[in-house]
Amino acid sequence: MNKTTFLFAGSMSLVCLLSVNGDFVINDDLIVDGSGCIGFDCVNGESFGFDTLRLKENNLRIAFDDTSVAASYPRNDWQLTANDSANGGASKFSIDDISGGRTPFTVEANAPSHSLYVDDGGRLGLGTSTPATEIHSIDGDTPTLRLAQDGSSGFAPQTWDVAGNETNFFIRDVSNGSTLPFRIRPGAPSSSIFIDDDGSVGFGTASPDDDLHISKSGSARIRLTNSSITDSATNSQSWIMNSNGTFRVSAASTGVVELALDASGNLTILGSLTANGSSFPDYVFGGDYQMMSLYELESFIDENSHLPGLPTQSEVEENGGYNMTHLQLKMLEKIEELTIHTIAQEKLIATQRKEFHSMKAEHEERIAALEAKIEILLD
C-alpha cells in the first residue's frame, strides 16, 4: 500500500478532539505547514504570533510514555508539567519522573532571569548569563551555598552555609546558633593561611618550614586570651608572644616582658622559676643512703676531676646540653651530703675540743703541782 502524506498549507489550528465520529487516526506522516494548537481552549482563527506549537487549556502536560517491554531496554516514563492542577497549587514548570514518582527539576513562576544558565563553555551561572568560572553565583546581598544534612539517612541533622559579602567570606554553623567559626576579611594578603602537602601550616608564607610557620615583616606576634565571666565579673588576661630578633612573652595588660630568649640562647625571666613534679633528695638523710667518705671523695675527684653523680663537660657537649632541673637536684644532693659531712666534722671537732680542754686542764694541774714542788725545794 502506497503512503499518503497529509499536507496542511497555511497557518491553521490543529484541534484533536473526540467527536461523535471517533478519534482522528492518521496512519502515515503528518506535515503541518504552519502552527498547531492542541487543547480544549484552542479556537478557530487562533493567533499564534511566533508560536510553532501551542498547548492551550487549564491542565497542561506533555507525557513521554515509553512502551518498551524487554528487560534490557530503558522504559522510564517522563512528563513535562506546567503548573499544579489543584486550587492554590504552585505556578511552576517541572520535569516529572512518572515511573519513579519524583520531580527532579522545577522552576517556579517569577524566578529571576538567568536563575540557572549554562553557557557554551559548560560554565554554570546562578543569577548571571556570563559565568566567569565553572560555577558562578551572583546575588545582590550575600550569595550563599547551603549544605544541609536532613537526617533522612540516619545521621544527625546539620546545616552549614558558605557565603561571602563586603564584610567577609565565612562559614556559618546554622544548626548551632548560626555561629561563624571561619571568616576571611576582604583584602587579606596572599597565603594568610597556607596548608602544605605535608600538613605544614604557614601563616603569611606559602613555604612553611615547620609544622607551624609564622612569617611577617616586622614583629610576628601570637596573642593568647583567656576570658571568663563569673557573677558579672570579668577575669581575663591576654599574653603576647612575638619575635623581632628576640623571642618575647609579655602580658598585654602590663606591657612588661616576662620572658625573653635571644638568638644566643640567653634566657631572661622577670620572676622566679618553679619546677614541679620532681622528687627532692631527702633520701640522703635516710639511714640506707650510701655516701662516700671524704677520703673516698678526695680520691674520686683526683681521678675524675668532677663530683660523682654530675656530668663532665664532654658529656654535656655530647648530649647537646643537660637537664637543669636534674642538675639542680643533684647539686642539692651534694649540698645535703656536704651538710652531713659538716655535721660529722663539727661533732668530731667538738669531741676533740672537749678532749683538748680536758688535757689542758690536766696539764695545767700538773704544772701547778710541779711549780709547788719547785717552790718547796727552793725554800
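At a relative accessibility of 3%, T81 counts as buried. Welcome to this structure, which is a predicted model.

**Around T81**

- T81 belongs to strand β6, which covers residues 78-82.
- T81 is classed as buried because its relative accessibility of 3% falls under the 20% cut-off.
- A polar contact of 2.9 Å joins the side chain of T81 to the side chain of Q79.
- Beyond its neighbours within four places in sequence, T81 is in contact with L60, R61, K92, F93, S94 and D96.

- Side chains of opposite charge can pair when their charged atoms come close.
- R146 and D161 form a salt bridge, and their closest N and O atoms are 2.7 Å apart.
- This pair links distant parts of the chain, since R146 sits in strand β12 (residues 144-149) and D161 in strand β13 (residues 158-164), 15 residues apart.
- D161 is buried, and its relative accessible area is 1%.

**Salt bridges around E333**

- K330 and E333 meet through their side chains in a salt bridge, with 3.1 Å from N to O.
- Because K330 and E333 are three residues apart in helix α3 (residues 324-378), about one helical turn separates them.
- K330 and E333 are both buried.
- E333 also forms a salt bridge with K334, where the closest N and O atoms are 3.5 Å apart.
- Like E333, K334 is buried.

- N83 lies in the loop between β6 and β7 (92-97).
- With 34% relative accessibility, N83 counts as partly exposed.
- The loop between β14 (169-173) and β15 (179-184) is where S178 is placed.
- S178 is partly exposed, and its relative accessible area is 37%.

Notes:
Residues are numbered from 1 along each chain as its sequence is written. This is a predicted model: local features need pLDDT of at least 70, side-chain atom pairs count only at pLDDT 80 or more; totals for chains, interfaces and linings use all residues. Side-chain values use heavy atoms; hydrogens and water are left out. A salt bridge is a side-chain nitrogen of Lys or Arg within 4 Å of a carboxyl oxygen of Asp or Glu. Helices (H or I, at least four residues) and strands (E, at least two) are DSSP runs, numbered from the N terminus. Buried means under 20% relative accessible area, exposed over 50%, partly exposed in between (1.4 Å probe, protein chains only). A polar contact is a pair of N or O atoms within 3.5 Å; within protein, one must be able to donate a hydrogen and the other to accept it, and residues adjacent in sequence count only if both atoms are side-chain atoms. Contact means heavy atoms within 4.5 Å.
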